[in-house]
Number of protein chains: 2
Amino acid sequence: MTNQKKLVLDFLRRDTSHPTAEAVWENVKKQLPQISRATVYRILDNFQKEGVIRVLETKPTRFDGQIEPHQHFICNNCGKIFDLKEEKVCRCLRDGSNMVSVGKVHSFNVNFYGLCQNCQTESDDNLNNKL
Amino acid sequence: MTNQKKLVLDFLRRDTSHPTAEAVWENVKKQLPQISRATVYRILDNFQKEGVIRVLETKPTRFDGQIEPHQHFICNNCGKIFDLKEEKVCRCLRDGSNMVSVGKVHSFNVNFYGLCQNCQTESDDNLNNKL
DNA sequence: TATTAAATAGGAATTATTATTATTTAGAAG
DNA sequence: CTTCTAAATAATAATAATTCCTATTTAATA
């Protein structure tokens, strides 16, 4: 754990605004002025892969130091991003009520990630061949 | 409706692979070689705002000519993108079954869009002031 | 402490997208 | 069917976001 990594992680766990990579860099620079932008990008990428932080599917990408299951509400007007607890998300999607604690939902978008049937079969095959 | 717009829309309604802007451009060029990349970007943007097409929250952005409510399953291995009917999405999120018709869900990400309480109140105020 | 593999800094390069502007065109009006 | 005009387009420059490259530095451990 380098100093750079520690500062990035500390910042993300403190700042709940879902900052961009650029914003993380700007802020960490206050404590470590020579830190490189590329370093911040790489650290964010690694933390993400390790499951230590989470990325938001926004443009530009935003980052979240909180990894307990939750989703996001993005205000179409002010752009602010709010956290939504997982159970509220499910209720909202289930019974189509568009009112949630933080506002009124106009639309939503879900991306599922996993293994498609083809790729599942292939990885099963590979496993079998090794036995 | 210009020829450029027609060709872009026709292509997106025919191609179900959720192409990138670049891919749309490459394909439409086959029929209209002088079409500009910037034109494709602008047309895609306009169609999106009109609700004629849909954008996927991917990097790079992908486009979908099908606008009936549905969500997407992205294979972590091959990268292929599958459509998921809305009711399957809800069932999957509701009872946590991670098997869907197209594969096995490892994770998902939801973005809600709408008006936060502050912005809702503001727009109500504006309305009231006009009465 | 010396060693070394891994990480970083700084900047170049790349990718995706948007802006600019001169030219062209679709569609209205005559 | 022509002429007109606002809107759309082509070509390219510019910007934004991210990744790549490589010489240098550093954390961890022998």
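**Figure 1. Superposition of chain A on chain B.** A rotation of 180° with 0.0 Å of shift along its axis places chain A on chain B with an RMSD of 0.1 Å. That is how a two-fold axis relates two copies. The copies were superposed by least squares on the C-alpha atoms of residues with pLDDT of at least 70 in both. V110(A) is the residue of chain A that comes closest to the rotation axis, with its C-alpha at 2.2 Å. The model is predicted: local features need pLDDT of at least 70, side-chain atom pairs count only at pLDDT 80 or more, and totals for chains, interfaces and linings use all residues. Residues are numbered from 1 along each chain as its sequence is written, chains are lettered from A and ligands numbered from 1 in the order in which they are written, and side-chain values use heavy atoms, with hydrogens and water left out.

**Figure 2. The interface between chain A and chain B.** Chain A brings 41 residues to the contact and chain B brings 40 residues, where contact means heavy atoms within 4.5 Å. Because 98% of the interface residues of chain A are also interface residues in chain B, the copies meet through the same surface. The size of an interface is often given as the accessible area lost when the parts come together. Here the area buried between chain A and chain B is about 4,100 Å², and carbon and sulfur atoms give 55% of that area. Buried area is the accessible area (1.4 Å probe) that two parts lose on being put together, summed over both. N109(A), F112(A) and Y113(A) supply 21% of the area that chain A buries against chain B, more than any other three residues.

**Figure 3. The protein surface near DNA strand C.** DNA strand C is surrounded by 17 residues, and the closest are T2(A), Q4(A), Q34(A), T39(A) and R42(A). A residue is near a strand if one of its heavy atoms lies within 4 Å of it. Both chains take part: α1 (3–14) and α3 (37–50) of chain A and α3 (37–50) of chain B each supply at least two residues of this surface. The largest share, four residues, comes from α3(A). Helices (H or I, at least four residues) and strands (E, at least two) are DSSP runs, numbered from the N terminus. By residue type, the surface near DNA strand C divides into seven nonpolar, six polar and four charged residues. In this count Ala, Val, Leu, Ile, Met, Phe, Trp, Tyr, Cys and Pro are nonpolar, Asp, Glu, Lys and Arg are charged, and the others, Gly among them, are polar.

**Figure 4. Polar atoms beside DNA strand C.** Sugar or phosphate accounts for 71% of the atoms of DNA strand C within 4 Å of the protein, and bases for the rest. From chain B, a polar side-chain atom of Y41(B) lies 3.1 Å from a phosphate oxygen of DNA strand C. S36(A) has a polar side-chain atom 3.0 Å from a base nitrogen of DNA strand C. A polar contact is a pair of N or O atoms within 3.5 Å; within protein, one must be able to donate a hydrogen and the other to accept it, and residues adjacent in sequence count only if both atoms are side-chain atoms.

**Figure 5. Contacts with DNA strand D.** Of the 17 residues around DNA strand D, Y41(A), T2(B), Q4(B), T39(B) and R42(B) come nearest. Q34(B) places a backbone N or O atom 3.2 Å from a phosphate oxygen of DNA strand D. α3(B) gives the most to the surface near DNA strand D, with four residues.

Figure 6. Strands β3 (residues 70–75) and β4 (residues 81–85) of chain A run antiparallel and are joined by five bridges. Two strands pair if DSSP finds at least two bridges between them. I74(A) stands opposite I81(A) in β4(A). The hairpin has five residues between its strands, and G79(A) in the turn has a positive phi of about 80°.

**Figure 7. Two loops of chain A.** The peptide bond that joins K59(A) and P60(A) is cis, with omega about 0°. P60(A) sits in the loop between β1 (54–56) and β2 (62–64) of chain A. H18(A), found in the loop between α1 and α2 (21–29) of chain A, has a positive phi near 60° and is a residue other than glycine.
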